[in-house]
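Subject: A structure for you to look at

Hi there,

Here is the structure I promised to pass on. Please open it beside this message and follow along as you read.

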Amino acid sequence: MTNQGSNLFGRRMLWGLAVLFLSPYLFALVLSQGRLALPADFFNLLWRSWFQASLSGILATVFGLFGAGFLLKVSNRRLSLWEGVALFPAVIPSGVIVLGMIDLLPNWRGLWAIAAAHTVISAGFIAVVLARLIRERMGASLELAWVEGATRWLLWRRGVLPRLVPELFRVFLTVFVSSLGSFSVPLLLGGSHAYTFEIAIHHAIRLQSAWDVAATLSIFQLLLLVAFLFLFQNLNSGQAPTPLRSGESISRSGVARILGFWWGAPFLAAGAFVSLFSLVRDPYLGWRQLQSTGLFEHHDVMLVALQGSIATAALSGCLTAALLLLAATGFPDARTRRWMNAYVAPSVAITGFATLALGWGAAPSFNWDVLRISVGASLLFAPVIWRLRWAEEIGRLEGAVVVARTLGADSSLIISRILLPRLFPTAFWSGGLVAFWMWGDYAIGSIVASRNMTLGLLAKSLMESYRLEAAALVFLAVLLLGAFTYRLFTWGGSSVHR
């Protein structure tokens, strides 16, 4: 295949994937017969969504900054442990956080509850990012200023915070965008009002069958989030690392002595506390609640939920990895990768309802539910995983691809000898991460599933009936089984790499 043929193949592959990812929006436009309409309370919805996302971003950034101060104080020997504590709420299914919020404050619903949940999820991740940034980029100059007599608070006010402003805005914008399109958290914590576009879309379709409103809101949300992500990409990430002078060092102990403070510990540990509080509080009561539901007497319910979780986790992981590999075989250049990075995950509500087109008219069945949930999950997670790791991986391989083409290699040879061997471990890692999340996810399933056919949906049902300890036991099983599934995927990736 010539270089011109290779380029044509790549463009066709990328255009095909673009149509696939935009298909939920096309589905909504078809069902709305091309009509677009705003809901009557659109400006109130816009204000509520904007304020909720802004509040979530501000709280998460402030908590993360205080948590970073504590991480700077932690010794090198214990740093990995505390970073794991900080990152734990960000990597587990969001249903665990929702369960903790409901258990701690059972009557708390609405905007502040949603913002608090988003803060719990994101603050630890922000703390880790900011602490590493301060160590790597500011250590030498701050140690020198300390030796020359500057106080700790003067260093924070004049040395750290001004140089962190771009990065603080970046992390704020990240939380803002994710909160604006959130579905799982406001579904159970939002109360009677729609505090995100996702909930408004869900209500428009489920309660009113207003596909014209749903299509309009989903397209508006997509354009808004893409605009924010373009802004995110154009931001300069902080100040460049300070070059070392002779005799200077960037020791972590030095930075900790200068900037760290122990009182930041509660801000860092709040997320892990909320996550673990319900999971370990009263397992015996949870067991009794499960018995009272009759789930142990009717083994088929638990068996179906377990089978459904295994099937959806495995299939979602495999489909997501396959989509990302297909995108890589399209050989996206830097400009195309920029566009792909700006694409956000499609609307959860629109995607969920669009997957109902699979097996349209067929009777509800376990197999169709598994397929719909897995396809929807792959369409939602693939763009997130692409921005998280794949765009960078493809960029690293671009030079090798150019050299191979210069030497006359065609697309099939480049794919088989360069792309696939290098990307298979990343593909397995991506599939494992999605599989782990899908063990506890209930977003897509709550739209398309005809029954509680996964453990995540079963836990959601238990939370809605306030059998919180029983839901905690289910989520505990979800975390253990999800971690095992993730290990299987990554073991497979390392085996292929060897």
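Below is what was found in it, from the overall fold down to single residues.

First, some ground rules. This is a predicted model, where local features need pLDDT of at least 70 and side-chain atom pairs count only at pLDDT 80 or more, while totals for chains, interfaces and linings use all residues. Residues are numbered from 1 along each chain as its sequence is written, and side-chain values use heavy atoms, with hydrogens and water left out.

**Overall**

The protein has 20 helices and zero strands (DSSP runs numbered from the N terminus, H or I of at least four residues for helices and E of at least two for strands). Of its 498 residues, 53% are buried (under 20% relative accessible area with a 1.4 Å probe and protein chains only; exposed is over 50%, and partly exposed is in between).

Ser-122 sits in helix α5, residues 111-147, and counts as buried because its relative accessibility is 14%.

Which residues of α14 (334-342) are buried? They are Arg-337, Asn-341 and Ala-342. These lie on the same side of α14, because they cover an arc of only 140° around the axis (taken from the directions from the helix axis to the C-beta atoms). On the face turned away from that buried side are the exposed Arg-335 and Trp-339.

Trp-339 and Arg-337 come back in the second largest pocket: of its 41 lining residues, they are among the closest to the centre, along with Leu-14, Thr-336 and Met-340. A pocket here is an open set of points on a 1 Å grid over the protein atoms alone, where a 1.4 Å probe fits, with protein on both sides within 12 Å along at least five of seven lines; lining residues have an atom within 4 Å of a point. The largest share of this lining, 12 residues, comes from α1.

Enjoy exploring!
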